[in-house]
Amino acid sequence: MSSTNTSHSATHHTSTIGAIGAPSRRNTELALLAFAVVIPVFAYANVGLAINDSVPPGLLSYGLGLGLLAGVGHLVVRKFAPYADPLMLPLATLLNGLGLVVIWRLDQSEKLQASRTFVEAAPRQLMYSALGVAFFVAVIIFLKDHRVLQRYTYISMAGALLLLVLPLVPGLGKNVFGARIWIQIPGLGTIQPGEFAKIVLAVFFAGYLMVKRDALALASRRFMGLYLPRGRDLGPIIVVWAISILILVFETDLGTSLLFFGMFVIMLYVATERTSWIVFGLLMSAAGAVGVASFETHVQQRVQAWLDPMNEFKLSRQGVLGHTEQSMQALWAFGSGGTLGTGLGQGNSDLIGFAANSDFILATFGEELGLAGVMAILLLYGLIIERGVRTALAARDPFGKLLAIGLSGAFGLQVFVVAGGVMGLIPLTGMTLPFVAYGGSSVIANWALIGILLRISDTARRPAPAPAANPDAEMTQVVRPS
Amino acid sequence: MNKPLRRIAIFCGLLVLALLIRDNWIQYVQADELRTDKNNRRVIIERYASPRGNIIVGGQPITGSTETSGSDFKFKRTYKDGAMWAPVTGYASQAFGATQLESIEDGILTGNDDQLFFRNTLDMLTGKKQEGGNVVTTLNGAAQKAAYNGLKRQGGKGAVVALEPSTGKILALASYPSYDPSSFAGNSTTTDTKAWTKLQKKNNPDDPMLNRALRETYPPGSTFKVLTAAAALEDGLYSEPDQKTNTPLPWIMPGTTTPLKNEGNIPCKNATLRVALQYSCNTVFGKIGADLGNDKMLDMAKKFGFDEEHFTPVRANASVFSDDMNDSQTALSSIGQFNTAATPLQMAMVASAVANDGKLMKPYMVDELQSSGLDPIEKTDPEELSQPLSPENAQKLQSMMETVVEEGTGRNAKIPGVTVGGKTGTAQHGENNSENPYAWFISYAKDSDDSAPVAVAVVIEDDKAVRDDISGGGLAAPIARNVMEAVINSKK
């Protein structure tokens, strides 16, 4: 996008600017969307044929449903954000569709059906996806300009803190397998406020840093070779960060904690352009990690399980409380999949048991689609992140830049933390793989996230409005803001 | 602000790259290791995913598969006459793993063996379900039945091994008491686990799951004298069966003041090899051992297959002849006492080598591996292990062993119209020989064309029988005779 801009300004810099800007690429998006719908439909048929030897009866309605969601998303983007990035919607649709197929495939597992907590997840996930697309549509329609969000900087701060505290409220919060990250709303089910807090916190960081970035970058004191900002500039942001970390420690949700921290450091670095922030951030994270690990047995156990998953498996088999064989089962699923995988519906990833369709869903991709499939999925995520970063580069206002990089950075970190945890690259933390894993909050929040990114990219790529007719136009050179 | 943005872009790229590398590590580099890990349940799910191939004896399967429900295992192993065939098949249990042939030939039986790769690929293309191949054994159903029923009738613990001397084919391999592998082939915690627990040694002192034919070593007692006689002939210490030996009576063991005793009042003074074998003279063979010395005796024992494990392909324990004995210990060892210990398979190999004119064939029980379409995949060819004695000396030894059956301690093994050679053994064991001895018998039978179709070793450890009644000739020889008869009759 930046390249089209430069060429544009190079050829037109002396004349009035017409409405002809970068091509909108809406037709590209439509063509890609067709693939993003057809591929999961084929995958769905594939699972049905493998498990029941017949095409699943819901194939048509599933295909139409996914097509409808994609179609509505596309039409709304075409109408309200015509210059938005053409790749993100198809990518999100494809991942969401594949996730639905694999969740449905795990619904068919007799082993999981035998579990006491079994519920058919696919219909619910389809509903959540519809809700997610509704959120996406709402963001595109009602958020005419992302800079409006800047007004709500401090409300966002309060909102993010509120969302994070909610699970700790007695009677509202719900403890599931050691993590207090859910809230129970009677009649609606459970919500994971942390997923939404991610977006709200990004808005706050972006708004705050935009205002304070000069102060943070320039009015600093040199201390041991590092430029430290003044306390009054940094104070509030450190406080927010510390509070969010503390809450997360109490909720023992370390993945989200890591995610927020990473997002914070990335945005601070982009806002101040000071490398010393990276060093400072790494030091803080190291201190935080060691500090938390020294008193949280939960964390120590996760690290042990990561270092020696086989021992963890054996302890779990011996019935030692608090140990789980899931990490080892996930590794076996990946290994058994090999290069090309067993084919959809033909693996045994249901051995993972609990959370096979949420936190561990990547293992099913690994076993049934193999190395090839997982690499493709990871590259799809890579592409979404890349489009997000591009949006940040193309954005013309600092708030938009900060918000875009904050959101895409958080998205990337989340993918890394979940996928890395399931594949045994880093200790396992309970988080959901965006769009693919089962979980309403995650799907809805990530669709909203994509909506905001599309809005920023639309603003960034939209040609500048034609200036009002000016009698002096002949004599005035208009310099395009870049 | 764009410079840090680009750096963040690179950082995100590195994160994705790290994930891609890790994925290649676990799904490519370590994939095989993870896939075949014994704790990975997929290994047994795979084993029981399709009807398992069969183990075949004489054209008839002795195993089967039935469809099961209620777990992730589709099929369950079944056995016909499971207890009789257990020493051959081993077991394949959903809950407790697999052993022996079921484990060694698992690849063929499940159809996952690399040798079936081409066929499997074809099947995949034509949409045929993968099926397991068969394992065709060398065993003889009638001989096995005679062996197992003989042991069962006897009631004590024991084992029988029968070989085809000219090829090394295992014809019978029985162990008693035995177990029915069907009883714990499934994975039910009530029936299967209970049956399994009951069979464990700590709950059942008879240790029915021990494969006595291959995995238990007994002092061979007097049957070892055949090997000592072979050593004497090969060394040239004595060259003829009817040549007088130089054996005083009583004979004091070298370096000691203890005379070596014979059982009862038998004509052992300077007895010929033939007479000594006929009456089982301890003095004659003990002195031969002492005269030849530890090294020469050990050398001969090794040529007969002692001191090494044998893979049939089911592993048989190594039989023992010590290498650091003085002359009196060598003397005791040469009559099958002291540290000497042999598996029933080993003693059958001794009889087999003598019957096969001195040539020892490698014992084996898998004749052929077949694909599910019954096409041969791999055939086992008979293989010569060694030549412990020359054909002439082997024939001399044969005539001596035949005398044992005609006129000596092995009369119970006589078969009308068939030439039988054998040797009895009654091995002392326990502290000061306080426990009931083991009864041994090794023998072979000859066809009219002078070739030997079968060689047998029988051992019985009977703590119920009255001590004096235990003798190789009394308890073990009749079983050996029935097994040999069964083989000869099945040839007709």
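Predicted model: local features only at pLDDT ≥ 70, side-chain atom pairs only at ≥ 80, totals over all residues.
Student: How many helices and strands has chain A?

Tutor: Chain A has 482 residues, and buried residues make up 50% of them. Among contacts in chain A with a separation of 6 or more, 71% are between residues 24 or more positions apart. The elements of chain A are 17 helices and 5 strands.

Student: Which helix of chain B gives the largest share of the side that touches chain A?

Tutor: The contact takes 39 residues from chain A and 31 residues from chain B. On the side of chain B, helix 1 (2–29), helix 2 (31–35) and helix 3 (42–47) each supply at least two residues. By class, the residues on this side of chain B are 16 nonpolar, 6 polar and 9 charged. The largest share, 18 residues, comes from helix 1 of chain B.

Student: What is the strand order of the open sheet of 5 strands in chain B?

Tutor: The edge strands, each pairing on one side only, are strand 2 (60–61) and strand 16 of chain B. Strand 15 of chain B pairs with strand 7 (residues 134–137) of chain B through 4 bridges, and with strand 16 (residues 376–379) of chain B through 3 bridges. Both of these pairings are antiparallel, while the pairing of the sheet as a whole is mixed. The order is 2-1-7-15-16.

Student: Which residue of strand 15 of chain B is the bridge partner of Val136(B)?

Tutor: Strand 7 of chain B and strand 15 of chain B run antiparallel. Opposite Thr137(B) stands Val366(B) in strand 15 of chain B. For Val136(B), the bridge partner in strand 15 of chain B is Glu368(B).

Student: Which residue takes a positive phi in the hairpin of strand 15 and strand 16 of chain B?

Tutor: Strand 15 and strand 16 of chain B pair in the antiparallel sense. Gln370(B) stands opposite Pro376(B) in strand 16 of chain B. The hairpin has 5 residues between the strands, and the residue with a positive phi, near 70°, is Leu374(B).

Student: Why is strand 15 of chain B largely enclosed by the rest of the structure?

Tutor: A residue counts as buried if 20 or more other C-beta atoms lie within 10 Å of its own. Strand 15 of chain B takes in residues 366–370, and it is largely enclosed because the buried ones among its 5 residues number 4.

Student: Is Met361(B) buried or exposed?

Tutor: Met361(B) lies in strand 14 (residues 360–361) of chain B. Leaving out residues up to four places away in sequence, Met361(B) touches residues including Pro165(B), Asn356(B), Pro382(B) and Leu385(B). Because Met361(B) has 21 C-beta neighbours inside 10 Å, it counts as buried.

Student: What separates the C-alpha atoms of Met361(B) and Arg215(B)?

Tutor: Along the chain, Met361(B) and Arg215(B) are 146 residues apart. Their C-alpha atoms are separated by 20 Å.

Student: How many residues of each class are in the contact of helix 15 with helix 16 of chain A?

Tutor: The axes of helix 15 (residues 361–394) and helix 16 (residues 398–422) of chain A come within 9 Å and cross at roughly 165°. That makes helix 15 of chain A roughly antiparallel to helix 16 of chain A. Among the residues that meet are Leu378(A) and Tyr381(A) in helix 15 of chain A, and Phe411(A) and Val415(A) in helix 16 of chain A. By class, this contact has 15 nonpolar, 4 polar and 1 charged.

Student: Is the crossing of helix 10 and helix 11 of chain A left-handed or right-handed?

Tutor: Helix 10 (residues 254–272) and helix 11 (residues 276–295) of chain A pack at an angle of about 165° with their axes 9 Å apart. Helix 10 and helix 11 of chain A are therefore roughly antiparallel to each other. Residues that meet include Phe261(A) in helix 10 of chain A and Trp277(A) in helix 11 of chain A. The crossing is right-handed.

Key
Residues numbered from 1 in each chain as written. Chains lettered and ligands numbered in written order. Buried ≥ 20, exposed ≤ 12 C-beta atoms within 10 Å, placed from the backbone. Pairing = 2+ DSSP bridges. Contact = placed C-beta atoms within 7 Å. Axes fitted to C-alpha atoms, helices over the stretch in contact; angles between N-to-C directions. Parallel < 35°, antiparallel > 145°, perpendicular 65-115°, else oblique. Nonpolar A, V, L, I, M, F, W, Y, C, P; charged D, E, K, R; others polar. Left-handed = near helix turned anticlockwise from the far one by under 90°.
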